[in-house]
Amino acid sequence: MLSTPVSVRMDGDVAWVEIDSPPVNATSTAVRAGVMSAIEQVQGARVAVLICAGKTWVAGGDMSEFDRPAEEPHLPDVVQALEDSATPFVAAMHGTVLGGGFEIAMGCAWRIAAAGTRFGLPEVNVGLIPGAGGTQRAPRLVGMEPAIDLACRGKMIEASTMLGYGGVDVVAEDVRAAATDFVTSLPERPKAVSQRDVPPFEAQILEETKASLQAKSKGQKSPLENLKALGWAMEPFAKGQPKERALHLALRQSEESRALRYAFFAERAVARPDAISGAKARSVSNVAVVGGGLMGAGIAWACLNAGLSVVLIERDAEQAQAAEGRVAALGQGALKRGKLDAAGLAATLAGFTATADYADAAKVDLAIEAVFEDLDAKRAVFAQLDAALGPDAILATNTSYLDPELIFEGISNPARCVGLHFFSPAHIMKLLEIVRTPATSAEVLATGFALGKRLRKVSVLSGICDGFIGNRMLAAYRREMEYLLADGALPHEVDTAMRAAGYPMGPCELQDLTGLQIAWANRKRQAADRSEEERYFDLFDDLCEAGRLGQRAGKGWYRYNDGDRTPKRDPEVEEMIVAWSAKHGIIRRSFSMEEIQTRILAVLANEGARIVEEGIAERAEDVDMVQIHGYGFPRRRGGVMHLAAERGWDHVGATMRQVAEESPKSWVLSKAAEDN
Ligand code: NAI
């Protein structure tokens, strides 16, 4: 027989009910059943204390159960049974009390928390609302405004603040001792939370919150669904609670929640690729960054911020000073935004030196190169690092497009060489692509992942191909954008469609923002290998040659009036596009918004599938996390691979085959697109 995760121990007339279900005592079916049976067992006791073993109290639901129909006993019934129990319950909490955990706590008569305990209703982050009275009891217990923060904004509230809101009765260092004291002289049993009235609040709060959530939620529906459910708390509990439950169950099936749950699990999966299983990360405390331009300065600041010491190496003393200024400016920015205080900034910068002498970096554990995107320049840097650093120091390149194997050619001990591809701005963007060469050791990869975690990045493993995972996907995206322009769409039509698909920007406006020159340089680099038969939209090169390099040049795919960053449609570009089609004998046709979206998503999914099929990525989740954390793909849609799986590869494959047929010899079909 399986041991139950919930045990009951009698101590005189006090029952101690303990949940012990590692890792986080989630409200799985077994835990719910265990609590239900414990409630029966404690009847007759004067009071029951509900405690948890391990590092936290009940920290949420078991999300792996959400794909199946809900199983009995249902959590709302468990919470209700706690509330109705003749023997009153004391929740004695520590760690994080989240979601179903907080709902259970609100069913108890009293709440005691260890100092530092945090409370939350994070269902909103996975596209849900609480389903066991969370939105109905929280406003009654703590008031509407804190309940909005918890349920709509996914904020956590710390025990001492919770005490002020009346959400807990006691905060103590040692929660078991405090519970023991508490039960010796019990106060009068308070009214059940579900039977209380919501404390008065300013009526306009709900409307104001609605407007602010709408503005900030980027199309995600769950913040507003939570607000709607909180509103039901103004009705009797017996009316509001069933509505909450029904909405919770309906949302479990929603596209948004499925996508957000997928993203939640995918983030955890990509951090543990098969390639590092069993490998132990080395400790890293001293880092060298070579090249302190846009990327190098950002990488240096990110490392400093994570408590690492950084030596920044530049070409000469003058450049070293300039780079030092860039890092200091990032520090000042953090200070201004209140990320740290003056003393914290001084302490952080104390671990920083800028130099032109490789000898100053002799003892570092890891060096990250971020010099110009030029093979010879990078090779020269690594030759110097090879000579100056210890034989085991990890050597990393931040190259975007060059082949790391060529960059590292001739370096001693190539097992220590790896790509660490940051995204701009490097101290802000979440994504880190960890690029392995055939020689990179598992230990070095594991160290890369540990570093990524320390820098609070989402790290994704990539093999070597042009552009790695992210920029290769971007290239496919842009190519389809160009074919759409060639065949009849205009830049604003493509951009509008992709914004509507959830991207913060469309591909044309984004390229204008970052500048067309990187793509231009890549096109020149790839020219020699480009097949004559492949469709090539050389209007792009014409734009670049005409100085239409994007926003900074005042014109690109759009035109920008003095100092105004809003893209304006430019008749000149549109005429150039139409003329290009005519010159190539293309009869332009119109593309609906939906057609643009479907085609681009099919192209992206096809490229992603190829990346997985070629073994560049270990799994589809890697592709999706790159898209979400590096390229603005809306998290609420999960990622292109998730979307393709949801829509069905038969649909995606058919679209992709059509796209490929319309531009012969220009696309390589993935097996997924070919076979479905
Ligand atoms: P940048 O031009 O802003 O900075 C390059 C820096 O390297 C300059 O400060 C330069 O003085 C220094 N440098 C050049 N040769 C050097 C040498 N031999 N020794 C020491 N320092 C040297 O360039 P950026 O944008 O920072 O790019 C650097 C690298 O990062 C490139 O490989 C680029 O492809 C990659 N990258 C760039 C991204 C971006 O968005 N700009 C994103 C991801 C990667």
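How many cavities of 30 Å³ or more does a search of the whole structure find? The search turns up one. Keep in mind that this is a predicted model. The close-ups below start with a pair of helices and then move to that cavity.

**View 1. Helices α8 and α9, side by side.** Here we have α8, made of residues 205–216, and α9, made of residues 222–231. Their axes come within 9 Å and cross at roughly 170°. Angles over 145 degrees count as roughly antiparallel, so that is how α8 and α9 run relative to each other.

**View 2. Where α8 meets α9.** On the α8 side, look for Leu206, Thr209, Lys210, Leu213 and Gln214. Their partners in α9 are Pro223, Leu224 and Leu227. Sort the residues of this contact by class and you get five nonpolar, two polar and one charged.

View 3. Leu366, Ile394, Val418, Leu420, Val444, Thr447, Gly448 and Leu451 line it. By class, that lining has six nonpolar and two polar residues, with no charged ones.

**View 4. Who builds the lining of the largest cavity?** Two elements, β15 (417–422) and α17 (442–454), each supply at least two of the lining residues. Helix α17 gives the most, with four residues.

Notes: Residues numbered from 1 in each chain as written. Predicted model: local features only at pLDDT ≥ 70, side-chain atom pairs only at ≥ 80, totals over all residues. Heavy atoms only, no water. Axes fitted to C-alpha atoms, helices over the stretch in contact; angles between N-to-C directions. Parallel < 35°, antiparallel > 145°, perpendicular 65-115°, else oblique. Contact = heavy atoms within 4.5 Å. Nonpolar A, V, L, I, M, F, W, Y, C, P; charged D, E, K, R; others polar. 1 Å grid on protein atoms, 1.4 Å probe; cavity = no way out; pocket = protein on both sides within 12 Å on 5 of 7 lines; lining within 4 Å. Points joined across faces, edges and corners; volume = space filled by probe spheres on them.
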